[in-house]
Amino acid sequence: MIYPKIALAQSIIEICLAKGITNIIISPGSRNAPLTIGFAQHPNFTCYSIADERCAAFFALGIAQQTQKPTAVVCTSGSALLNYYPAVAEAFYSQIPLIVISADRPQSKIDIGDGQTIRQENVFKNHSVYNANLTEEASDENDLKINKAIETSILQKGPVHINAPFEEPLYETTDTLLVQPRITEIKETIGTKTIENEAEFISIWNNAKRKLILVGVNEVNNVDEKVIEKLAAHQSVVVLTETTSNLHHPSFINSIDTLITPFDDHDFNAFQPEVLVTFGGMIVSKRIKAFLRKYKPLHHWHIDTLRAYDTFSALTKHFVMHPNDFFTELLSKTKSIESDYFAKISKIYHLRTTKRAEYLEKTAFSDFKVFEKVIETLPKNSQLQISNSSAIRYAQLIDIDPSIEVFCNRGTSGIDGSTSTAIGAAVGNSKPTVFITGDIGFLYDSNALWNSYIPKNFKIILVNNGGGGIFRILPGHQEKPVFNTYFETSHDLTAEHLANMYKLKYFTAKDLESLEVSLNGFYAEHDSPCILEVFTPTHKNDVILKEYFKELNEIVS
């Protein structure tokens, strides 16, 4: 066995192995050579080499998202580390375990004018759950910090930073393990399984005739079928799910904006819940957030073992529990009461979805029409990754087969790593993966394709509307040069040459007929990852979407 000669590097490697951190994404550099030598030559680690640190971190985040285990990224000193920050922030808000290990120069070399030196200690302190600033020599103190960093990442589901100073020479190796690092036992605490002061909350539940459950980003199979069926059976309960909730039942409402966009004050007052129960991560729908901030519930309960965001300025109770434990406990001790809450909302939603089908049947080729056709052709039992901005919002309007697992970087809702995350997720999950993205997000993260590990069953559907289409949908859009240049960032670029450079099979479509033909070839390709680029009309997309919501307004409930 070959080890780096620097004892501190050996300690980091051995503790990672003992803690089960085996997926290591390394970006090339010199200062991190001791770590690279140790990780890459150890048979129990799976190492990936990705040059662009921003892409590397999002790639690691995608693997961790799927495996639900910490993934490590390793970089050299200096500005390389700062390129991890967008993914670190996303991991922080999406509660994904990520281990950042940065090589540093010794403290005596910082701020004296030496090359590739910055102040690396605590650089992620605002968006990390623990920071281990190590000293140069291997020690019991360093071992405890490394252990605690990894344990904190696991228990708090977030990013941690281990900063390790190394002095030259950096490339020397030995066949002797110089350290026997201390390994601590993880003390797992994941909340309670019982509801404290349950009589109070059972009484509130039993007396409320309007109970709204809103589910954000949620892990697959996070809630038992028995719980789902019980919630669906309650007349006083309406369940709103988002595309990223991965929670399905025929009575659940899975297109929130289709339901509530046409509501007037009378409708909103009738829909206002007495009890709002939320779980899962960030909510996409701006309309539901605006509604609940204006028409506040009397009680807002959030269920999460770690955090509770007061998204609607109405939070009254944080249950530090797993959602499944909470509902299992609550529903076993509460009763179903007579209420027309579900019946009324369900009737309205049925009318809305009927109108949606009629509208899509007649609508012209556009982003909306493309999302309908693309989503209905997704392979069953596959994984769908969606980029942010308009892509996730269009996806919210279309029903997705329950067998498909859906993911999106909603922690910070940025476009700056969606492709890299999707590729990492495809590596971390053997299921066929389809990634739907807009053109700006795709071009922004085009270095994601500079990756030797893209699986053959990875497919990208790129909706190219010639700019940031989301800004045309948002209020205040005006067709002026300043808008086209600085907001929409209009362009005439395509992905064709990128696909050729990175050896991805390339398909294209410009109308409904060519889209259907290309989708057939796209899914029939099994020997290479693919890109299907769909060109949509820049100046029609927002009009068609706004007309959709206008037509929903014509329904009389």
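The model is predicted, so local features need pLDDT of at least 70 and side-chain atom pairs count only at pLDDT 80 or more, while totals for chains, interfaces and linings use all residues. Residues are numbered from 1 along each chain as its sequence is written, and side-chain values use heavy atoms, with hydrogens and water left out.

**Exercise 1.** Work out which kind of ring pair phenylalanine 92 and tyrosine 93 form.

*Solution.* Rings of Phe, Tyr and Trp (its six-membered ring) pair if their centres lie within 6.5 Å, and planes under 30 degrees apart count as stacked, over 60 as edge-to-face and the rest as tilted. The count by this rule is 28 aromatic pairs. For phenylalanine 92 and tyrosine 93 the centres are 5.0 Å apart and the planes stand at 85°, so the pair is edge-to-face. Next comes burial, where buried means under 20% relative accessible area, exposed over 50% and partly exposed in between (1.4 Å probe, protein chains only). Phenylalanine 92, at 15%, counts as buried, whereas tyrosine 93, at 29%, counts as partly exposed.

**Exercise 2.** Find which helices hold phenylalanine 368 and tyrosine 548, and classify their ring pair.

*Solution.* The ring centres of phenylalanine 368 and tyrosine 548 lie 4.9 Å apart with planes at 70°, so this pair is edge-to-face. Helices (H or I, at least four residues) are DSSP runs, numbered from the N terminus. Phenylalanine 368 belongs to helix H13 (residues 367-376) and tyrosine 548 to helix H21 (residues 541-552), so the pair ties together parts that are 180 residues apart in sequence. Phenylalanine 368 is buried at 0% relative accessible area, and tyrosine 548 is buried at 1%.

Technical notes: Helices (H or I, at least four residues) and strands (E, at least two) are DSSP runs, numbered from the N terminus.
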